[in-house]
Structure formats: structure tokens, C-alpha cells
Amino acid sequence: MMKDIRLIALDLDGTLLDGEKRLSSRNRRALECCIRHGIHIVPATGRPSAGIPGPIRALSGIRYGILTNGARVEDMVDHIVIGEEMIGWELAHEILSLLSRYPVAYDPYIDGRGKMEARFRDHLDQYGLPPVMQQLVRGTRDEVQDELAYVREKKRPVEKINVFVPDQKLRESLWERLKAYKELMVTSSLPYNLEVNIRSATKGMGLYKLAGYLGLGMEQTMAFGDGSNDVSMIQAAGIGVAMANGIDELKELADHITASNEEDGVAVAIEHFLGPLD
């Protein structure tokens, strides 16, 4: 089933990467094949640029990123910001103050890096993170003594606030509490986290911006995801693909459901829609 797809946007965790955060050889070959045929392969992730794994960044042709859930759309090679949608520092400070009243870990993303206190970073096992995620978090956060003071003193806009919540009842309660801020968008990419962005920052809007920048129609885009932060992107893309391991809401909205992230679902769908590209 050949389609004129020129851009493929890919969520990472739970989608392109397996449970150990690895890029499988089959998925890698599918991406390399797409790149050889002039298709833009775009990480579309809640992570900042620094959090994109080396094996993905090393693929020749990976240039653009939809980062921190669409808060930043960037040419990662020439370091050109194509679009930004940020939380003002005053509102970010207010949200961090709220979160400080609960037994959760939290960190704001500023200038492409998470800022995290040692009391969180050194005890991530207490917040529900498996070892592979603990390693990822420690490698992508800068230690600060006091996050609230850092935001107040730097007065820098915030891309995203990440929250790690080990207790599911508390997670649901916090989700509802944060949703009361009408200017914010609250999503999740993992069963133990919440991700807080300004409402205008979504992966779907990031995809619109990047497609426009590249002179592409939305019908020429394809997107993959598994979590609530992928909903807007799956709806926006010409072909929206949900992973078999994805949330029910996403699968109901998707144009296609592929195999799970443990079964090379990205490669399976690329082969289905684009046919043999070699």
C-alpha cells in the first residue's frame, strides 16, 4: 500500500524503543531505508534534544526534532529553533510550588535540559522509576540546589515540567488538580509520570509547524505513538499509527494499529504503508 509520505514523526518511549530503551535492528533498518528515499525521520518526544538516544542521533539524516511534547521544534543540526511554546516562568514557579506539597519528584526543562534537585535525582527508585529510566533521567538532568529558587532567579521560560508519581491514586488526583489550570496541557507518556506544558505546546502542533517549514502537506506525514501526549499528533498526521501497547484512547483515534514496541511495530507499519523501499 504505497503512500506519498515525506515525513515520519516518531514517539520514542513505548513506540520506537523497546522496554529497555533500545532501537531494534529491524526498526533501525526501516528508518535508514526511509532516509535513503528522502523521507524525514523526526523524533517527536517528551524528551529534550539531549535526551534523544545516541543510536537515533547517529542515524545519518536525523535533523529535525519535535521536542518536549512540541514546546520546541528544532533543526538539531544547525541549532535553529523553528517554533517554541513555553510556560512563563511565573506560572512555572506557581506549579512547582504546588507540586512541592506532595510526595512526588518534579523538574522543569529550561534551555533544553531538566533541572533537578539531588533529593530527587539520587532517590528515583522511590518515585516508581525502573532502573533503565533512572539511568536516563540522571543523564539528562542538571543538578540544582533548589528548583523553585532557580526558576525565580533565572526568570527563563520553561519548556515542560515533568512529574514522577509513584502512587496511582495521587497521580490521578494531581492530574485533575493540574487540569484546573486552563492555560496548561497535562499528558502522560509513562504509567508513573505526568507532563505539564503550556496548552499550545502539543506534538500535533509541532508536526504542523515542521511540515509547514518543510513545505509539506499534512497528508504527506505519518506519526507513531502510544501515550496521551501522542493524541494530538496521531490526529494531525496524514496517517496516525497507534502501537498495540498504546492507550485505548489513542487506538480509537488512530488510522492504523500496528504491533507493539517489543515487536518492531514501527517497522511493521512502515513496511505496510510504504512497501519495500530498498
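Student: In which sense do β7 and strand β8 pair?

Tutor: This is a predicted model, in which β7 spans residues 113-116 and β8 spans residues 141-143. Over 3 bridges, the sense of the β7 and β8 pairing is parallel.

Student: Which residue takes a positive phi in the hairpin of β6 and β7?

Tutor: β6 and β7 pair in the antiparallel sense over 2 bridges, and Ile-110 in β6 stands opposite Arg-113 in β7. The hairpin has 2 residues between its strands. The residue with a positive phi, near 55°, is Asp-111.

Student: Which element gives the largest share of the largest nonpolar core?

Tutor: The largest nonpolar core has 41 residues, and those touching the most other members are Ile-95, Leu-129, Ile-161, Phe-164 and Leu-184. Elements giving two or more residues to this core include α3 (89-99), β9 (160-164) and β10 (184-187). The largest share is 6 residues, and the element that supplies it is α3.

Student: How many residues make up the second, separate core?

Tutor: Leu-129 is among the residues of the largest core that touch the most other members. Leaving aside residues up to four places away in sequence, Leu-129 touches Leu-124, Gln-134, Val-137, Phe-164 and Tyr-192. The second core is separate and includes Ile-8, Leu-10, Ala-30 and Ile-62; its number of residues is 30.

Student: Why does the chain count as being as compact as a globular protein of its length?

Tutor: The chain contains 11 helices and 14 strands. For 278 residues the globule rule gives 19 Å, and the chain comes close to this, so it is as compact as a globular protein of that length, with a radius of gyration of 18 Å.

Student: What percentage of the residues of the chain count as buried?

Tutor: The criterion for burial is a relative accessible area under 20%. The chain exposes about 11500 Å², of which carbon and sulfur atoms supply 48%. Of the 278 residues, the percentage that count as buried is 59%.

Conventions: Residues numbered from 1 in each chain as written. Predicted model: local features only at pLDDT ≥ 70, side-chain atom pairs only at ≥ 80, totals over all residues. Heavy atoms only, no water. Core = buried A, V, L, I, M, F, W, Y, C linked by side-chain atoms within 4.5 Å. Buried < 20%, exposed > 50% of the residue type's maximum accessible area, 1.4 Å probe, protein only. Helix = DSSP H or I, 4+ residues; strand = E, 2+ residues; numbered from the N terminus. Contact = heavy atoms within 4.5 Å. Rg over C-alpha atoms; globule rule 2.2 N^0.38 Å. Areas by Shrake-Rupley, 256 points an atom, 1.4 Å probe, with all protein chains shown as cover. Pairing = 2+ DSSP bridges.
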